[in-house]
Amino acid sequence: MSKVISQDKISDFLNSLMAKYTVVAPMPRHDAPAEFRELKSGDQPIIDGSSPMMPPKDFFLPRYEVLVNVQMGKDGVKLDSPIPEAKPRVLLGAWLPDLQGIQVLDRVFLDKKFTDPYYAARRENTILVAVMPAKLRWSWFCSATDDVEGWKNSVDAIMYDLGDKFYIEPTSDKGNVITEGSFLTDASDADSAAKDAIWDNFKTATKLPMSDERLYEKLAWENPIWGEIAEKCIACGICSYSCPSCSCFDIQDETCGSCVERYRCRDTCQFEEFTLMGHGYNPRDNQLPRVRQRLLHKFKYQHEQFGVVGCTGCGRCVELCPVNVDIRDVLMRTCSVENQETPAES
Amino acid sequence: MSDIETKIREEAKRALESGDVSLVIGWGAGSVPFKTTPIFIDKPEDAEKLVWNPACVNNLAVYLPKMASDKKIGIVAKPCDIRSIIALIQEKQVKRENLHIIGLGCGGVVDAGDLDNADFHLQDVTGLEWVADGLNVITTSGDHVIECGACLRDMCIICEKREPAIFDAKFGEAVEPQEGEVCALPELPDDRRKFWSEQFSKCIRCYACRQICPNCYCESCFADRIEPKWTAKKATPEESWMFHATRAMHLAGRCIGCGECERVCPVNIPIMQLEIEMAKIAKERYGYEPGDPDEEAPLLGQFKDADHDPGHHGG
């Protein structure tokens, strides 16, 4: 059932959650985007979504994680796979597009044929609570990528920032746990109306001036836009590493005397080494196929494969790209009304 | 449209029409009014797309080693960008005769994405312009003037070389430096170690600092090598420290101080503080400043009898 909590009760709210769960929320950093961390007593996270932040994917797919430890000793070789403990967690303060991004990660790592045990352990028992900030970021384009109404099912609860209070709307049974506590009160009709206004604004303001046709129907392998982007793209990893749904990784082995550490770390299709084969051949040997791969993967291949679009419109790549490659331009130019064939007159 | 912008367009158009160059690299309008984007003009009529405004941050010299290897091209460049070009010429990555440099006097540029503040929303911004007392942010809700010291990039605040050192055409005048606060390092070594340890722990290893740097042109970077592995790809504080420290050493006596690495860093690591320290040492010990057109070779590519030599002279 929906509840409201006033701003001055937020510390009670956090304390009661922390008594039962590990709570993960964006913590401010001096002169850098906020970063999701496990809260310690007394921490003051930014839970209203107002601050720029790196996506929460590190809490499911860490930047660096040991998969196997190998120890060589007198008794032979010992192998150990340190699967993380599946402790109950609540993730607070993440933007809705960030948590929709986790839907994409789920389809990669929780595939029925092969479930990634490291990811699964972190993902299980984590309650996802999205925040709808009062002020939308200028770079958001969520409604251009998908029908956001369905995204409510991707999270367990949504907190709407109504200024002096939050409106808490559970969207799953799991989400009900965050509406327990005497510091929460029942939502009034006015609160519900204010929440609906925020949602409606989110739905409409994050649209782009383009046709309703989805990009997966329009994006083509041959498109002059790939060359235009590739010409200026400097091949860094900002777009992928700041993306809430990019999941590509590298696996490397490191030796240290009598032990070996096999770890997984971030990697991106934008790097030359990503597709470099052991014998020296590189099927994507320049930036054009790399740029094309990232966007077709997000908007076409993942939709074909999983039924979800790999981009959720969080806008981080739009804000952070060093050379102002704006993914929204790709959408608008590819799906512009002028580009479409004029319907035959009936 | 500013007078200088018109002159840049005319010069680019002339150079393309006359066949002097086959391509001009410059800044074009960004996807939003507070950003610009690198553009590559190969038709005279497209010279109209070139812009010159406070958001022309990119150091376009980063594109030269590849684009000017086999043909003569034009480049629109600020004084710092020109020092990068000089460094590239000295290091034989580009030939002077392959370049037509459209140089600009400069007073600094702003990373407008950082301007998001309580006074206005970035989505309401319609333009940026310099006015007498600072940067005027034009928005749908009115004008907002920000003092230069509060909006210029750190490297622009401390920049001392605001006139193009070499050029084929030059427009605009240098603007006197402005007062402003820049990043300050802790004094004591232990505090500095702690400071950098915290900074490098933020690094996500996206390598944007390296990729945007005109002087980081190595075909194979030490950080990408697997055998031998100089630094691991995993983003741990130790490995990131290794990456940044090694990169700083590789740029010692070479970094011209455009500050692009710092601008693009998604987690705001003050990378230039490492380079500023290196530049200080190069100047104090060898009287060398990277990007100086009077030098024929890079610092590490030349030897003079008078060079500082701690080993030979006993310290």
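Predicted model: local features only at pLDDT ≥ 70, side-chain atom pairs only at ≥ 80, totals over all residues.
Residues are numbered from 1 along each chain as its sequence is written, while chains are lettered from A and ligands numbered from 1 in the order in which they are written.

**Select chain A.** Chain A has 11 helices and 12 strands; these are DSSP runs numbered from the N terminus, helices being H or I of at least four residues and strands E of at least two. The radius of gyration of chain A, taken over C-alpha atoms, is 22 Å, close to the 20 Å given for 346 residues by the globule rule (2.2 Å times the number of residues to the power 0.38), so chain A is as compact as a globular protein of that length. Its C-alpha trace spans about 80 × 65 × 40 Å along the principal axes.

**Select β5, β4, β12 and β11 of chain A.** These four strands form an open sheet in the order β5-β4-β12-β11, with antiparallel pairing; two strands pair if DSSP finds at least two bridges between them. At the edges stand β5 (76-80) and β11 (249-256), each with a single partner strand, so one side of each has no neighbour in the sheet.

**Select residues 259-266.** This is strand β12 of chain A, joined to β11(A) by eight bridges, and the two run antiparallel.
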